[in-house]
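Biologist: Could you take me through this model with some care, one question at a time, and show how each answer is reached?

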Amino acid sequence: MRFFVTGKGGVGKSTLSAALALYLSSRKSTLLISLDPTQSLSTIFKLPVSHRETMVRKNLFVKEMNPDYYSEKFRKSVFQRLKKLDLNVGFSIRDYVEAVLANPATREEILVEYILEELVRTDFGFLVFDMAPTASFFKTFSMIFALGNWIRFLKKQREKIAQLNRVVKKQKTDPILEDLESIYLNLKRLRDVLTDHRSSFFIVCNPGIVSAKETWNQIRFYREMNLPLKGIFFNKTMHEMSWWEFLRKAGVDFQPAEVESIPQITFPLLAEEPIGISRLQPLVDQLKKEMPL
Ligand SMILES: Nc1ncnc2c1ncn2[C@@H]1O[C@H](COP(=O)(O)OP(=O)(O)OP(=O)(O)O)[C@@H](O)[C@H]1O
Ligand SMILES: [Mg+2]
């Protein structure tokens with residue numbers, strides 16, 4: 001099973017991912033992965049978290065997907081791929097790879113390239129993903145879906161050239177088509193994995209109009225992308241209002257059935273910052289009560 005914890009910046013994604021991972025690890029071995037290396041998990045668990053798995057306690061491991069580490073892996077793999085294709089392009093492949101890496105969208109692409117490796121892991125009973133704040137998360141996930149369609153188009157175009165090469169040059173295989181095929185299959189698999197029954201998405205929301213509106217935007221994005229939303233983590237609460245009552249306050253027009261059908265787990269605003277395993281315990285207890293495994 002994989003759990004994705006998403007939400008706006010600062011709402012408590014890392015804190016609740018850590019509480020969720022602690023809770024799950026009482027059942028099965030659990031790996032908590034941060035897709036946003038901000039040192040939060042290092043602070044929360046009071047240990048240095050890196051791209052290597054670090055043991056927090058029995059059955060619980062943590063790591064972060066450090067962009068620098070993955071950029072390097074990406075650099076090597078693109079370089080190898082382009083070399084293998086043996087293109088006579090008239091410019092340096094190394095310069096081209098560096099130019100690609102300088103593109104701001106590349107960070108998302110790199111994550112997409114490597115996230116699948118983590119998503120399909122079977123050496124842990126549970127995987128928990130502490131996601132990047134909403135804007136960046138939207139970009140990454142939109143890319144998975146949009147890129148799939150674009151590669152499918154390129155594949156079709158290339159198929160025509162490969163067909164010609166088969167007849168004219170007697171070329172049996174086309175390395176570019178094979179490369180496009182493998183990228184396409186990777187994206188398709190990623191999409192299938194994200195939307196299958198083993199994936200569960202949760203949105204963290206704080207009491208307030210801004211956070212409720214952002215949560216609403218995310219819900220609509222999830223629906224569009226067919227991502228399985230399993231609940232709202234309503235964090236830092238001080239009173240009985242639900243998140244969608246804040247949405248109503250904001251004047252958003254919605255049907256009650258659209259929000260009431262989504263389970264909400266409420267977490268209180270703690271007097272002391274939940275840093276360290278013992279201070280996370282009230283949040284873990286809340287999960288135990290509201291989210292039986
Ligand atoms: N229930 C809670 N009670 C009190 N403080 C909390 C609670 N949940 C989170 N916090 C505090 O809120 C702050 C933000 O939490 P956290 O770092 O988990 O948010 P985040 O969504 O991961 O942020 P970012 O978007 O920067 O990654 C931290 O100081 C954390 O200790
Ligand atoms: Mg965080």
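Predicted model: local features only at pLDDT ≥ 70, side-chain atom pairs only at ≥ 80, totals over all residues.

Biologist: Among contacts between residues at least 6 apart in sequence, what percentage join residues at least 24 apart?
Modeller: The set to consider is that of the contacts in the chain whose two residues are at least 6 apart in sequence. Within that set, the share joining residues at least 24 apart is 74%.

Biologist: Is the β-α-β unit made by E6, helix H8 and E7 right-handed or left-handed?
Modeller: E6 and E7 are parallel to each other, and helix H8, residues 209-225, belongs to the unit together with these two strands. The handedness found for this β-α-β unit is right-handed.

Biologist: Which residues make up the uncovered face of strand E4?
Modeller: Strand E4 covers residues 60-64, and its covered face holds Leu 60, Val 62 and Glu 64. The uncovered face is made up of Phe 61 and Lys 63.

Biologist: Which residue in the turn of the hairpin formed by E3 and E4 has a positive phi?
Modeller: E4 pairs in the parallel sense with strand E2 (residues 30-34) over five bridges, with Leu 31 opposite Phe 61. With strand E3 (residues 54-57), by contrast, E4 runs antiparallel over three bridges, and Arg 57 has Leu 60 as its bridge partner there. E3 and E4 form a hairpin with two residues between them, and the turn residue with a positive phi, of about 75 degrees, is Asn 59.

Biologist: Which element gives the most residues to the shell around ligand 1?
Modeller: Around ligand 1 there are 19 residues, of which Gly 12, Lys 13, Ser 14, Thr 15 and Leu 270 come nearest. Two elements give two or more residues to this shell, helix H1 (13-24) and E7. By class the shell has six nonpolar, nine polar and four charged residues. The element that gives the most, with three residues, is H1.

Biologist: Is Lys 46 buried or exposed?
Modeller: Most residues other than glycine have a negative phi. Lys 46, although not a glycine, has a positive phi of about 55 degrees, and its place is in the loop between helix H2 (40-45) and E3. Because 10 other C-beta atoms lie within 10 Å of its own, and 12 or fewer is the cut-off, Lys 46 counts as exposed.

Biologist: How is Lys 236 classed: buried, partly exposed or exposed?
Modeller: Lys 236 also has a positive phi, of about 65 degrees, without being a glycine, and its place is in strand E7. Because Lys 236 has 19 of them, the class is partly exposed.

Definitions and conventions
Residues numbered from 1 in each chain as written. Chains lettered and ligands numbered in written order. Pairing = 2+ DSSP bridges. Helix = DSSP H or I, 4+ residues; strand = E, 2+ residues; numbered from the N terminus. Right-handed = clockwise from strand over helix to strand, strands pointing away. Near = placed C-beta within 6 Å. Nonpolar A, V, L, I, M, F, W, Y, C, P; charged D, E, K, R; others polar. Buried ≥ 20, exposed ≤ 12 C-beta atoms within 10 Å, placed from the backbone. Contact = placed C-beta atoms within 7 Å.
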